Amino acid sequence: MKYIPKRNFRYRVFLPLLALMALLGIGGTYAWKQWNLSVVNELKSHTTETEITEKFDQGSYTEATKKKEVSFKNTGSSSVFLRMSYEEYWTKQDGTDEVYLSNTVDNKDVAVKNWSGGFTPESGSGDWWYGGDGWYYYTKVLASQGSTSKVLESVTFPDYLNPTYTDYKGADYTLYFKSEVVQVSDGPGTLNSAEVNTDATSTLFGMKATVDGQGNVTWSKPDTN
């Protein structure tokens, strides 16, 4: 039998012990890893935006009636109160000067607007209420991505051979619409939403809005007392 000295076993045990002393006992140096975690909370507010949707025939007034369909769309993320107005005029070059002409001659429109949806400029009617301030107020809450019905179908232009409209021959006609909105307070967590809506419309529009359970809006002039 071959004799194996015991000191070989001591040698094998002694090496791990030196390694352990190097890690734990010498210098007291430790290595750490620190992890950082960040989370971004994005809170988006409601937006109140509208666009005027128009479909019209371009070109000269070679036809008596030109299509110009006009409606309004809520492109924002919240329901809104909506009001709109319109302006119209004629322009004509007189040498180097640009002359503005009214669209009314002898209490009649030169370019006749063919309104739609029961809308009339005298009272608003249909889905609109006229406030007497040049603005027409939509009588429904306009939901996000919702659209109104058309308020205008087309415009009929005059017979320029008629001596009454001779001054308008060669002139350019402009008809444009404006819209303004106020956000409706209709969220489930809104307190005193009726009062909030009344205060907001009275402050920004100068008219008071009252909403029923079906989203119908009644407009009135604020109390001045």
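**Group meeting: strands and nonpolar cores**

The protein chain has two helices and 13 strands, taken as DSSP runs numbered from the N terminus (helices H or I, at least four residues; strands E, at least two). This is a predicted model: local features need pLDDT of at least 70, side-chain atom pairs count only at pLDDT 80 or more, and totals for chains, interfaces and linings use all residues. Residues are numbered from 1 along each chain as its sequence is written, and side-chain values use heavy atoms, with hydrogens and water left out.

Burial next. Of 225 residues in the protein chain, 28% count as buried, meaning under 20% relative accessible area with a 1.4 Å probe, protein chains only.

Now the cores. A nonpolar core is a set of buried Ala, Val, Leu, Ile, Met, Phe, Trp, Tyr and Cys residues joined through side-chain atoms within 4.5 Å. The largest has 27 residues. Phe72, Met84, Trp90, Trp128, Val151, Leu152 and Phe177 touch the most other members. Two or more residues come from each of strand 2 (65-74), strand 3 (80-94), strand 9 (136-138), strand 10 (152-156) and strand 11 (172-183). Which strand gives the most? Strand 3, with five residues. Another core, of 10 residues, lies apart from it; Trp135, Val184, Ala209 and Trp219 are among its members.

Stay with strand 3. Strand 3 runs antiparallel to strand 4 (residues 97-101), joined by five bridges; pairing takes at least two DSSP bridges. Thr91 has Tyr100 in strand 4 as its bridge partner. Two residues lie between the strands of this hairpin, and Gly95 takes a positive phi near 70°.

Definitions and conventions: Buried < 20%, exposed > 50% of the residue type's maximum accessible area, 1.4 Å probe, protein only.
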